[in-house]
Each structure stands twice: as structure tokens, then as C-alpha cells.
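Please read it with the model at hand.

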Amino acid sequence: MGKQEQFPRNPRIVVIGAGMAGILTVIKLEEAGYDDIIVYEKAATLGGTWRENTYPGIACDVPAHLYTYSFEPNPDWSHVFAPGDEIQAYFEHVAKKYNVLPRVRFNAEITDCVFNDGRWQLTLADGSRDVADFVIAATGVLHHPNYPDIEGLDSFERACFHTARWDHSVPLDDQRVGVIGTGSTAIQVTSALVERVASYSLFQRTAQWIMPIENPAYSEQERERFRREPELIAHMRKEFNHMAIDTLANAVIDADSPAMQKIEQTCRENLENSVQDAELREKLRPHYRAACKRIIFSEDFYRAIQHPNAELVTAGIERIEPAGVRTRDGRLHELDVLVLATGFKADRFIRPARVIGRGGADLDAVWADRPIAYLSLSIPEFPNFFMLNGPNGPVGNFSLIQIAEFQVSYILQLLEKIRSGQCREISASASATAEFDRERVAAAKKSIWATGCKSWYLDKFGVPASWPWTYARFAEEMEAPRLEAFELVS
Ligand code: NAP
């Protein structure tokens with residue numbers, strides 16, 4: 001088929017990943033009248049991060065009614081902050097209700113996407129192939145576990161696993177459990193496990209600021225009211241959204257803002273008021289500004305770490321030995337279970353898949369310094385290829401579901417240019433992308449993430465990789481594509 005004949009016609013769309021963003025994409029594409037859609041999902045089930053993270057205590061620290069698709073409210077959330085298994089069940093429910101499952105091919109990992117003669121040639125791990133007019137990568141952000149480079153890790157003789165690969169066959173009750181890391185994950189695990197185990201050792205390399213929250217359960221009467229009066233949910237979403245934007249999203253982008261100072265004061269007071277023992281309090285006191293690392297929300301971490309079963313180990317890890325963790329003070333912490341709450345490689349996105357764009361542009365080479373994309377969703381020379389929750393988006397600023405909904409609606413507007421025959425190929429222009437990135441890097445310097453701590457937000461040059469502007473600016477940018485920022489090939 002010659003290029004001129006290709007459009008307008010019914011395009012074939014490949015979505016990569018059946019997590020929150022992939023499910024959303026299918027629903028919105030169908031709503032827009034696309035019907036040749038397939039989702040490739042490398043795992044055996046859907047759910048993305050909520051399928052993979054099943055560690056004890058897992059919950060979402062975005063209020064549940066906000067961490068919900070706008071078009072599918074859920075009156076049945078049990079708590080203000082929902083536990084992980086409820087969230088996974090919610091995505092399964094939505095996928096079923098909107099008939100997404102027949103679109104998904106499970107156990108199907110895309111390894112290669114090559115743009116050739118106007119279309120994407122895709123190869124899967126089992127060697128099978130497909131061809132797509134558009135590729136939408138909904139591959140998640142915090143997805144590739146970061147295994148720590150600690151001497152002797154493989155020598156540990158008992159159970160050892162990463163939090164995103166929790167081995168539920170391993171008994172925990174009355175065991176000696178050690179956890180490496182003090183990020184959001186480790187803090188949730190701590191609260192959930194301390195009372196169940198014989199001893200609990202939390203290996204802290206860097207202390208964390210903790211923002212206190214309350215997580216009340218919704219009563220059956222409340223849930224019944226949500227069912228009868230869905231406008232109550234809409235009202236709550238609005239309130240939560242305002243709160244999240246005013247108190248956090250718009251604070252973190254300006255390290256000198258009064259809202260940022262308020263966060264710091266709250267975290268400081270939480271530490272002072274919640275930890276009795278002065279020595280433990282000092283060990284738990286971070287020496288960087290609150291929210292420089294992703295802020296942690298917890299209602300009971302300080303209580304948990306003061307439990308008689310718990311020990312906060314700050315001596316630093318020398319090496320792992322067959323029986324446990326040897327710290328730099330020479331002590332061996334003997335363990336039955338060693339948990340790696342050591343986070344994720346946050347700069348991978350669609351990789352390790354090989355992505356080759358127009359004229360042989362290789363994504364790995366294009367992203368050799370740092371992952372860059374125009375508005376986090378389009379890359380120059382990678383036409384008809386879009387990302388959800390791609391690089392430099394507002395990950396961690398506000399609800400990822402909201403972000404994905406904005407992005408899908410934006411991408412649909414770009415697809416429409418092609419479906420309507422205005423062009424055959426569309427991707428961000430090199431100049432708009434360079435300008436966007438220059439501005440982003442400059443703005444990021446003002447953010448709290450750049451105030452002198454190490455975190456997964458920072459790229460290898462120490463530049464925060466998150467959206468450094470307000471929620472309002474994101475919403476405004478996402479309203480409609482500015483076509484002058486795109487290269488349209490007809
Ligand atoms: P993380 O925030 O990256 O924390 C990793 C932890 O492991 C840090 O304390 C780090 O110490 C430690 N670590 C890494 N390598 C180490 C080594 N070689 N030796 C000793 N310690 C080491 O990872 P995470 O806790 O999994 O959280 C990642 C993100 O996921 C969060 O920031 C959040 O955005 C998201 N999350 C959200 C929720 C939620 O409620 N919504 C829950 C869990 C996770 P250093 O600080 O010293 O580097």
C-alpha cells in the first residue's frame with residue numbers, strides 16, 4: 001500500500017501495558033470510535049503497579065475518591081486512603097465493566113517498536129509480530145525494581161525479596177524480619193509488620209520526613225449515601241483535589257513558598273510530638289528539607305518504630321552475610337526474612353524495549369543523557385508514538401489517574417488530526433521539545449526537590465525530573481495541543 005493511501009482510514013492502535021493508564025486508554029479510544037485496538041501486557045493479569053505491589057500495608061496515599069477514574073466513581077471505598085487490594089479489584093471491575101479484557105493479550109511483552117514506512121513494526125518476546133498505526137505506551141513509571149548493590153546480597157541463606165515481588169509463601173509471624181529502605185513502601189510495611197513479627201529491623205540509610213494523616217474507614221451508612229447521591233462523591237473529589245493542589249502540588253514547585261514552610265512545620269511537629277526517646281528522635285530526624293525526597297504520609301509509622309519489637313538500625317550496612325546483615329559497627333543482625341524496600345529505577349519508561357523512530361532514531365541514544373519528551377508524551381522523530389505518564393510529568397505532584405486522563409484526551413486530539421486526514425505522521429517538533437525541556441530544567445531549580453537531597457526524582461545531573469509548574473498550568477497545557485509545537489507530515 002502506498003503512503004498516500006494510508007489515511008484517512010481505520011487505524012490500528014497498539015497500547016502497551018494493561019495497568020491504570022492502559023485500561024483508561026482502551027475505554028477512551030473506544031468512546032472516540034476507534035475499534036482496531038490491542039493491548040499487549042507482559043504479565044498474566046492486569047493492574048500494573050497494583051498487581052505487582054502486594055506487600056503488607058500497601059495503600060495509596062492519594063485519597064481513594066481522587067484516585068478513581070472520573071467517569072467511574074466508586075462508592076464502596078472502605079477508607080479515605082484505600083488499601084492496594086481494593087484498588088486492584090477496582091481496576092479489574094472497570095476493565096470488566098467496559099469490556100476491556102477481550103482487547104488484551106496477556107503474557108505478551110513488546111521487545112521492539114520500529115517505525116518503518118509510516119507504521120510501527122512491533123516484535124514480541126515470543127517472536128510474534130504486529131503492525132500499528134499508533135503506539136500508546138502506558139508502561140508505568142515505578143515499575144522496574146531497584147536491587148541494591150550491597151556486597152553479599154546473594155549469600156543470604158533465608159528468604160529475601162523486593163517489596164514489588166513479595167513472596168507470600170514466606171511466613172512472617174514470629175519471624176526475625178529486616179527491611180532495607182525508608183521510602184513510602186518501607187514505611188507502610190513497617191506499620192503493617194511490627195506487631196506480627198518476633199523482631200523487626202529497619203535499616204535506614206537516610207531519615208525521612210513524615211507527614212501525619214488520618215485514615216478513617218467509611219461507615220456503611222456513608223457508603224450507602226455515596227451510592228444514592230453520587231454528587232457527594234463529585235463534591236469530595238473537588239475538595240480533595242483543591243486540598244492536594246493547594247497543600248502539596250503547588251507547594252513543592254516553590255521551595256520558598258509559605259505552603260512549603262507549612263509542610264515542613266507540620267513534619268517537624270509530627271517528629272517532636274510523636275517520638276518520646278530523644279536518641280531515637282535524632283536518628284529519625286532528616287537533615288534536608290521536608291518533601292525534598294517524596295514526602296511520606298503515615299498515620300502510625302512513629303508509633304510502629306517505637307514498638308518493643310522494632311529497631312531502627314542506622315549504623316550503615318557493611319555487607320549481607322548468610323545469616324543476616326552486618327552493619328558497619330561490626331554487629332550481625334540475624335534475620336529469617338530480608339526485605340528490599342529499595343525502590344525503583346524511575347528512568348526506564350518503555351525501556352528495555354528497543355524503540356526506533358523515523359530515520360533510525362534510537363530512543364536509547366536519544367535518552368542517553370536523560371529521558372525527555374514534549375509535555376511528557378511525545379518525542380521528536382517518534383511519530384504516532386505517545387506515552388502516558390512519560391518522563392517529566394507531574395508524577396508525585398497529583399493523582400496519576402487525573403494526569404493520565406488529561407493526557408489521553410490530549411493524545412486523542414492528536415490522533416484526530418490523522419484520522420481526519422490532516423496529516424499522516426505527528427510528533428513533537430525538535431525545537432518545541434528543546435524549548436520545553438530548557439524551561440523545565442530552569443523551573444525545576446526552584447522546586448523543593450532541588451534543595452539538596454538524593455531521590456528518585458533526580459536525573460543523573462541532579463535535575464528534578466518531575467513537572468515543575470502548577471496543576472493549573474498542566475491542566476491548561478493539556479486542554480488542546482498547540483499544533484505549532486508538532487511536526488505534521490502529510
Ligand atoms: P524509594 O522512595 O526510592 O525508597 C527507597 C529506599 O531504599 C530509600 O530509603 C533508600 O535510601 C533505600 N535504599 C536504596 N538503595 C539502598 C542501598 N543500597 N542501601 C541502603 N538503602 C538503600 O522507594 P519506595 O519506598 O518503593 O517508593 C518509591 C515511590 O513509590 C514513592 O516515592 C512513591 O512515589 C511511590 N509509592 C507510593 C505509595 C503510596 O502510598 N501512594 C506507596 C509506596 C510507594 P536513600 O534514601 O538513602 O536513598
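This is a predicted model: local features need pLDDT of at least 70, side-chain atom pairs count only at pLDDT 80 or more; totals for chains, interfaces and linings use all residues.

1. Residues are numbered from 1 along each chain as its sequence is written, and side-chain values use heavy atoms, with hydrogens and water left out.

2. The protein chain is assigned domain 1 (3-46 + 100-144 + 345-489) and domain 2 (153-216 + 224-340); such bounds come from an automatic or database domain assignment. The C-alpha centres of domain 1 and domain 2 are 31 Å apart.

3. Contact (heavy atoms within 4.5 Å) involves 21 residues of domain 1 and 18 residues of domain 2. The two domains bury about 1,600 Å² between them, with 61% of it on carbon and sulfur atoms. Buried area here is the accessible area (1.4 Å probe) that two parts lose on being put together, summed over both. Lys 446, Ile 448 and Tyr 471 supply 32% of the area that domain 1 buries against domain 2, more than any other three residues.

4. One salt bridge is found across the interface of domain 1 and domain 2, the criterion being a side-chain nitrogen of Lys or Arg within 4 Å of a carboxyl oxygen of Asp or Glu. Asp 254 forms a salt bridge with Lys 446, and their closest N and O atoms are 4.0 Å apart.

5. A search of the whole structure finds one disulfide, defined as a pair of cysteine sulfur atoms within 2.5 Å. Cys 292 is joined to Cys 453, S to S 2.2 Å. The torsion about their S-S bond is about -100°, so the disulfide is left-handed. Because Cys 292 lies in the loop between α8 (278-283) and β13 (296-298), and Cys 453 in the loop between α12 (430-444) and α13 (471-479), the pair ties together parts that are 161 residues apart in sequence. Helices (H or I, at least four residues) and strands (E, at least two) are DSSP runs, numbered from the N terminus.

6. The peptide bond from Arg 351 to Pro 352 is cis, with omega near 20°; Pro 352 lies in the loop between β19 (344-345) and β20 (354-356). Asp 117, although not a glycine, has a positive phi of about 55°, and is found in the loop between β4 (110-116) and β5 (119-124).
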